[in-house]
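Colleague: Please take me through the salt bridges in this model.

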Amino acid sequence: MATSSRWKDIDDKFCLCSVCLEQLKEPKLLPCLHRYCKDCLSSIVKETDDVIKCPECRQETQIPTNGVDGFKTDFYSKNLVEYVQIQQSLKSDEVRECYSCQRHLIVAAYCFKCNEFLCKDCHNVHVTNKTLKDHQKHTLSLEDIEGKNITIEKLASMRDAPRCHIHLEEIAKLYCETCGNLPVCMACTYGKHKGHSLYEVTALAKLKREELTQKLKALEEINKDKNVIEPKQSKEKLILNVSIERVKLREMHHERDNKIMTKIQYTEGRRQQVEQEKQNTEKKLLDSLKREREREIQVVRKKYKDLFRVTKFELNNTFKAQEGSLEKELATLHKQRESFERDRKELLDSIEKQMNENMKIIETMSQHFDNIKKRFETLNVMASSILASDNDWSAVQCIPDMCTAATNLMKDLKKDFPELTTLTNVTVNYKQSSFGKSNTTKISENFNKKISITHLYQYVFSVTSSGDGNIVISGRTLDKLASFIIVIDMNGRILKKKVNAGHYGPARYCKLLSKHKVASVCTPNEIGLYDIHNGSYIKTNISDASKSWPKDRLVICVATDPVNNHILVGGFNSRDVYVFDDQLNYLRILKLPEMIKWPQDITVSDGHLLVCDFDGKKCYVTSMDGLESKLVGEFMKPNLGENEVRPISLCSDKNGFVYVLWQTSSRGYISQYNQGGCQVLTTRKLGLDANVISAVETSQGEKLLVATKGTPTVYLLDLITEG
């Protein structure tokens, strides 16, 4: 492979290997417009089997089947090398045989039409003799070289049109595209080249120049949009934006830390205030009792003594209760602050990691821009020279390769780089504590109501609230040939329905997103939005929205995050949860923790994702931030006296209490958990084959709805809220 020491500058515009300059080897041209002599290119090709990577711009090119000979011959550079050799002969006072007088003299000129050197006297005759008038513009003299009035464009025009490669005495007027752009004369059109694709060189050169001009204009337009030629400014701007966001994020977390400290100080002040009130009250009471005691007669002294003792005891109990409550609140705030410190440290580590990744991306982009700029400038210089030249043969032979290079350059200019991770997307799980007495929920002992539905819709997979006091049910029709969504009232009357024909056994799941809007998924990979108000339904295939969805994967559950207007979709036998916005635009994949096999059912509660793992026989609480979900907690299994206990459905009510439907070999059980999911509050046995549960808001308040596997009946349980 040629090294940097083997290159010499030619006319300050092009570089060729010194081997080409010394031996006049045939130069070869890569599609990226980098020139190499045949020997150097052979060395490069030997290092690989099928693809060559250009040492200059690193662009990959397929090696032709016939090896180095298959690469384009760079006629423009070949002519340029020949000019350098002629230039060296004229400048060095080299002695050669004069073509005209046959004497060995110092050469003074070179005639490109005769392809021979001339001495000084013969050169004067050559440029003044009227019979050689057509040779004058094709003659290069030492005076022209020393006067530096010979440009690359003028040099190209000096060269005579090539001869026919068969009839060497004939000037070529055409070129044969079929035979690799060979020059041919008119006689060849009736001979060896009959029936080939032949073109008149002048007309074709004009078309090629116009094509190259359009390519250059397109490159300029793309460069204006992408700002590739000056990438340094964009790089500095990206680094500045990252730094600004980092400062903002630190200020935000400092502000939150101050708020927690303010709350701690306030609570500490309240405790001291209560203590002071206790002391003041005791003092006032003691003073009052003393004064009263002095006024009383000795007979009733014992009575007031007992009264004082009882009153003090009750007072102490009252203030002890208040002190205990404040101590708990203070301990909770200290724990929150410790947790916040841990989260902040993790966040800063994450920011540092993301900044490093962003800097790597910026560096890659910078290298790519530098590479593009180098190729762009090379193409511009070559194209300008060819367009300014009057030599049609140079245009025909070189412009196609330049157009190919321009097309490749446009593709690279349009190439998009991955977006930098925005640091403000990283958040801390900061939950404001609530003080005072919270609401609790209890499940009634008996079913409040049984609602019968049409027999056709008895295979129910999901139930959810409609947002206006009614119930939305989805599943598969009785004949198993279609999926359905129906809206019913509290009497089972169907208000709206949508039935979709499909493949055998389509399963449909639904979950309320907002008022009158229900998110729905249907096997194999359909996601849609159903408008309860007007009955409209829009849908798309998940595999079309995200290329990462495998063709053989089936949807198994759906959940909604009303706070962020997000839809979460779980797939069968996969830990990937796909997240969409309320316009069905794909956002990201949330990877569940490794201990989870796949989600049978999911729901969002209090900023966390609750996962029902049927195969794993457990329920989990996980985070929802970023791309990797973290385990927050695990639900305690109820003691049901059976070994085979699996969770099949779960939901939460408006107070944050969680309900899990557990399935055994004989029956179903509903367990109620506290807001964190770590404590079982109640468990009740169901005398039916329950399949799915959901908390729904009705006109009579919040209810727990239970649907069975194959009966046209759903059941309602009262959820009794106590303040």
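Predicted model: local features only at pLDDT ≥ 70, side-chain atom pairs only at ≥ 80, totals over all residues.

Modeller: Residues are numbered from 1 along each chain as its sequence is written, and side-chain values use heavy atoms, with hydrogens and water left out.

Colleague: How many salt bridges does the count come to?

Modeller: A salt bridge here is a side-chain nitrogen of Lys or Arg within 4 Å of a carboxyl oxygen of Asp or Glu. By this rule, the count is 14.

Colleague: Which residue meets Glu526 in a salt bridge, and how far apart in sequence are the parts they tie together?

Modeller: Glu526 pairs with Lys539 at 3.9 Å, N to O.

Colleague: Is Lys539 buried or exposed?

Modeller: Buried means under 20% relative accessible area, exposed over 50%, and partly exposed in between, with a 1.4 Å probe and protein chains only. Glu526, at 11%, counts as buried. Lys539 has 52% relative accessibility, so Lys539 counts as exposed.

Colleague: Which strand holds Lys591, the salt-bridge partner of Asp576?

Modeller: The side chains of Asp576 and Lys591 meet at 2.6 Å, N to O. Asp576 lies in strand E27, so the pair ties together parts 15 residues apart in sequence, and Lys591 lies in strand E28.

Methods
Helix = DSSP H or I, 4+ residues; strand = E, 2+ residues; numbered from the N terminus.
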